[in-house]
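I opened this notebook page to write down what I looked up in the structure, entry by entry.

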Amino acid sequence: MCEQFFSKETGWNIHHIMRKTQGGSDSLDNLVMLHPNCHRQLHHSSGTGSRYRELIKA
Ligand SMILES: [Zn+2]
């Protein structure tokens, strides 16, 4: 999302692109790694959320 690399220092979260409650699977094409900060931003702002979904389709 922010094009930063992951490291033990930054840490990461596994984000489900489609929520499991909405029928999302645990397969790799439904999972993405995000920094904890990016993950928080994604859930806080719906505007960047939709832009982000376009990014991961590309
Ligand atoms: Zn990030």
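Entry 1. What percentage of the 58 residues in the chain do buried residues make up? I am working from a predicted model, and in it buried residues make up 2% of the 58 residues in the chain.

Entry 2. I then looked up the elements, and I note two helices and two strands in the chain, which run β-β-α-α when I read from the N terminus on. For the contacts in the chain between residues at least 6 apart in sequence, I wrote down that 36% join residues at least 24 apart.

Entry 3. I turned to His 39, which I found in helix α1, residues 36-44. Is His 39 buried, exposed or partly exposed? I list His 39 as partly exposed because 17 other C-beta atoms lie within 10 Å, whereas a buried residue would need 20 or more and an exposed one 12 or fewer. Leaving out residues up to four places away in sequence, I noted that His 39 touches Asn 13, His 15 and Leu 34. I also looked up the pair His 39 and Ile 14, whose C-alpha atoms are separated by 8.7 Å although the two residues are 25 residues apart along the chain.

Entry 4. From C-alpha to C-alpha, Asp 29 and Ile 17 are 8.4 Å apart in space, and in sequence they are 12 residues apart.

Conventions
Residues are numbered from 1 along each chain as its sequence is written. This is a predicted model: local features need pLDDT of at least 70, side-chain atom pairs count only at pLDDT 80 or more; totals for chains, interfaces and linings use all residues. Helices (H or I, at least four residues) and strands (E, at least two) are DSSP runs, numbered from the N terminus. Two residues are in contact if their C-beta atoms, placed from the backbone, lie within 7 Å.
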